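Subject: Structure handover

Hello,

Here is the structure I promised you. Please open it alongside this note.

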Amino acid sequence: MALVDLIRFTQSKQQSLDDFFNEFKAKSQIFKTLGGDLEIKKDTWMMTDGSTVTTNQALLVCLFLSNANRQRYKECTRSLRNDTTTNSIRYPSSLEDAYKMLDEFVAPYKKNNNNPSNNNVES
């Protein structure tokens, strides 16, 4: 049941990234305490600069990023997924680096076409 709780746990609209990160880590630790381990397999990733990174947190990183608030971080995770189609991996190698990636992410500016122009405002 602890694994299901971890997999289904998503960041709510009102939840801060800090709170989501801390709760995610707590749920991961509960799963580990009960004998489960998502850090058992080591993966080696080829980074965009040609270097390699070995991590045992690949499953946790992917789960954390995919369960982060989709509205808030959609562009960040979409960019990561698109990079994998060209064999360019920018996925962070640790849970802490995944948190940092989301924390420092700046969503691209989107022009709001629904706002009327202020050109016709009377003074």
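Below is what was found in it, from the overall layout down to single residues.

**Ground rules**

This is a predicted model, in which local features need pLDDT of at least 70, side-chain atom pairs count only at pLDDT 80 or more, and totals for chains, interfaces and linings use all residues. Residues are numbered from 1 along each chain as its sequence is written, and side-chain values use heavy atoms, with hydrogens and water left out.

**Overall layout**

The protein has five helices and two strands. Along the sequence they run α-α-β-β-α-α-α. Helices here are DSSP runs of H or I with at least four residues, strands are runs of E with at least two, and both are numbered from the N terminus.

Of the 123 residues, 34% are buried. Buried means under 20% relative accessible area, exposed means over 50%, and partly exposed is in between (1.4 Å probe, protein chains only).

Take the contacts with a separation of 6 or more: 63% of them join residues 24 or more positions apart. A contact means heavy atoms within 4.5 Å.

**Confidence**

The mean pLDDT is 84, and 83% of the residues score at least 70. That score is the predictor's confidence in each residue, from 0 to 100. Helix α2 has the highest confidence, at 95, and strand β1 (residues 43–46) the lowest, at a mean of 80. Over residues 117–123 the pLDDT stays under 50. The model gives that stretch zero contacts beyond four places in sequence.

**How the helices pack**

Two packed helices are described by the angle between their axes and the distance between the axes. The axes are lines fitted to C-alpha atoms, for helices over the stretch in contact, and angles run from 0 to 180 degrees between N-to-C directions. Angles under 35 degrees count as roughly parallel, over 145 as roughly antiparallel, 65 to 115 as roughly perpendicular and the rest as oblique.

*α2 with α3.* Helix α2 (residues 17–33) packs on helix α3 (residues 58–67) at about 140°, with the axes 11 Å apart. The two are therefore oblique to each other. Their crossing is right-handed. A crossing gets that label if the near helix is turned clockwise from the far one by less than a right angle, and left-handed if anticlockwise. On the α2 side, the contact uses L17, F20, F21, F24 and S28; on the α3 side, it uses L60, L63, F64 and N67. By class, that is seven nonpolar, two polar and no charged residues. Nonpolar covers Ala, Val, Leu, Ile, Met, Phe, Trp, Tyr, Cys and Pro; charged covers Asp, Glu, Lys and Arg; the others, Gly among them, count as polar.

*α2 with α5.* The axes of α2 and helix α5 (residues 95–104) come within 11 Å and cross at roughly 165°. That makes the pair roughly antiparallel. This crossing is right-handed. L17, D18, F21, F24 and K25 of α2 meet L95, E96, Y99, L102 and D103 of α5. Here the classes are six nonpolar, no polar and four charged residues.

*α3 with α5.* These axes come within 9 Å and cross at roughly 25°. The helices are therefore roughly parallel. L60, V61, F64 and L65 in α3 meet L95, A98, Y99 and L102 in α5. The contact holds eight nonpolar residues, no polar and no charged ones.

**Inside α3**

How much of α3 is buried? Seven of its 10 residues are, so the helix is largely enclosed by the rest of the structure. They are A58, L60, V61, L63, F64, L65 and N67. N67 has a relative accessibility of 6%. Leaving out residues up to four places away in sequence, N67 touches L6, I7, F9, T10, Q11 and F20.

D43 lies in strand β1. D43 is buried, at 19% relative accessible area. Beyond four places in sequence, D43 touches V53, T54, T55 and A58. D43 and V53 are 10 residues apart in sequence and 8.1 Å apart in space, C-alpha to C-alpha.

K41 sits in the loop between α2 and β1. K41 counts as exposed, at 51% relative accessibility. Apart from neighbours within four places in sequence, K41 contacts T55 and N56. K41 and N56 are 15 residues apart in sequence, with their C-alpha atoms 5.6 Å apart.

Best wishes
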